[in-house]
Amino acid sequence: MLHCPVMGQQHPSLPISHLKRDSVSEPTSSNRAWPIASLALAGCFWGTGFLFGKITFAEMTVSENVGYRFIFGSLGLAPIFWKCPPAGLGRRALGLLLVASIIGVPVQFLLQYKGLEATTVSHASLIVGTLPILVALSSSLLLKEKLKAFEYGLMVASACGAVLIATAKKVLAGPQPTTKGDLLVFLSMFAAMVMVLLSKHLMTEYGALQFTAWMIGIGTVILLAWIEATHPMRFHFSFHVWLAVIAQGILCTTAAFLLWNWGLARVPAAHAAIFLNLEPLVGTLLGVIILNESLGALGILGGALILISAAYFSRPRAA
C-alpha cells in the first residue's frame with residue numbers, strides 16, 4: 001500500500017559523494033541479504049539499458065527508442081503517480097519539478113542515446129561512471145561541500161579517463177566507437193548532474209519514489225509531445241526489437257527504480273550508493289561479451305580511472 005509522501009529517501013539515480021547517513025536503522029546480517037540483493041539487481045538492470053538500446057537501433061530511431069522506453073517505464077510507475085499526484089506542491093516546487101523533468105528525461109536521454117547510436121555500449125557505459133564525480137564536483141562548487149586535495153586529484157584522473165576513452169585509437173575489429181558519440185554521452189551526464197541538483201531538495205521533502213514517478217510521468221508526456229511534433233513514432237517493428245524496448249521500460253526503468261527504493265528503505269543510503277557502480281561495469285561487460293566490442297589498452301586504462309574514482313565517491317562515508 002502506498003503512503004504519500006514518504007520522507008527521507010534518496011533518489012535512486014543519485015550517485016552523490018556526500019550522501020548523508022539517513023535515518024534507516026542498521027539491519028541485522030540476516031535481514032540485510034535481500035535489500036543488498038535488491039540494490040545490486042537494480043544496478044545490474046540499469047547496466048543493461050545500453051545493450052537493449054543497441055538492439056532496437058537496428059529498426060528504431062533514437063527518438064522512437066527513448067519514447068517507447070519511457071512509455072513502458074511510466075506505465076509501471078503510473079499507480080504511484082496517480083496515488084500521490086504533485087497537485088499539492090507549491091509554485092516553486094512545481095517549477096523545479098518541471099525543469100528537472102525536462103532535463104532529466106527528454107534532454108538527458110535523447111542526448112545519451114544519440115551518443116550511444118554513434119559509439120559502443122562499453123564506451124557509453126564507462127562514461128556514465130563519471131556521474132558521481134560530476135555530482136561531487138558540482139556539490140563542492142555550488143553547495144559548498146568541502147573536498148580534500150586528493151579527491152580533486154581523483155576528479156582529474158576521472159576526467160583523464162574520459163579523455164582516454166574518447167580519444168583511444170579505433171580497434172581493428174568489432175563495433176567501432178566514435179569521439180562524437182562518446183562526447184554526446186558525456187554531455188548527457190551534465191544534464192543528469194543538473195537534474196540531480198535541482199531535485200535534491202524535493203526528494204528529501206517528498207520522497208524519492210514519489211518524486212521519481214512524478215518526474216518520469218511529466219518528462220514522458222513532454223518527451224512524447226516533442227517527438228510527435230518533430231519525428232512521429234512508427235509502430236511496425238520486429239518481435240525481438242519490441243522485446244528489447246519493453247525490457248528497457250520494465251527492467252531498466254520501472255523494476256530498477258522500485259528495487260532500488262525498496263532496498264534503500266532498508267539500507268543506509270551511504271551504503272547503498274556503491275551499487276550504482278554496477279551500471280557502468282555491467283554495461284561494459286555486456287558490450288564486450290555479447291557485442292564483441294573491444295576497448296583497447298587506452299580504453300581499459302580510462303575505464304579503470306573512471307570506475308576507481310566513481311567507487312571512491314560512492315563509498316560509505318563517516319557520519
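Trainee: What is W214 in contact with, leaving aside its neighbours within four places in sequence?

Mentor: Those partners are F81, C84, P85, P86, L89, L97, S101 and Y206. Contact means heavy atoms within 4.5 Å. This is a predicted model, where local features need pLDDT of at least 70 and side-chain atom pairs count only at pLDDT 80 or more, while totals for chains, interfaces and linings use all residues. Residues are numbered from 1 along each chain as its sequence is written, and side-chain values use heavy atoms, with hydrogens and water left out.

Trainee: What makes a set of residues a nonpolar core?

Mentor: The residues must be buried Ala, Val, Leu, Ile, Met, Phe, Trp, Tyr or Cys, joined through side-chain atoms within 4.5 Å. The largest such core has 71 residues, and V66, Y113, F211, W214 and W260 have the most contacts inside it. Another core lies apart from it, with 8 residues, including A136, L154, A310 and F313.

Trainee: Why is T130 counted as buried?

Mentor: Buried means under 20% relative accessible area (over 50% is exposed, in between is partly exposed; 1.4 Å probe, protein chains only). T130 has a relative accessibility of 3%, so T130 counts as buried. T130 lies in the loop between helix 5 and helix 6 (131-142). Leaving aside neighbours within four places in sequence, its contacts are S158, A162, F186, M189 and I306.

Trainee: How do you know whether N277 is buried or exposed?

Mentor: Its relative accessible area is 12%, so N277 is buried. N277 sits in the loop between helix 11 (269-272) and helix 12 (278-290). In sequence N277 and A40 are 237 residues apart, and their C-alpha atoms are 9.5 Å apart in space.

Trainee: What counts as a helix or a strand here, and how are they numbered?

Mentor: They are DSSP runs numbered from the N terminus: helices (H or I) have at least four residues, strands (E) at least two. The protein has 13 helices and 0 strands.

Trainee: What is the relation between the directions of helix 5 and helix 8?

Mentor: The axes of helix 5 (residues 121-128) and helix 8 (residues 179-206) come within 9 Å and cross at roughly 30°. Axes are lines fitted to C-alpha atoms, for helices over the stretch in contact, with angles from 0 to 180 degrees between N-to-C directions. Angles under 35 degrees count as roughly parallel, over 145 as roughly antiparallel, 65 to 115 as roughly perpendicular and the rest as oblique. Helix 5 and helix 8 are therefore roughly parallel. H123, A124, I127 and V128 in helix 5 meet D182, V185, F186 and M189 in helix 8.

Trainee: Why is helix 3 called oblique to helix 10?

Mentor: Helix 3 (residues 62-83) and helix 10 (residues 239-264) pack at an angle of about 40°, with their axes 8 Å apart. That angle makes helix 3 oblique to helix 10. By class, their contact has 10 nonpolar, 7 polar and 1 charged residues. Ala, Val, Leu, Ile, Met, Phe, Trp, Tyr, Cys and Pro count as nonpolar, Asp, Glu, Lys and Arg as charged, and the others, Gly among them, as polar.
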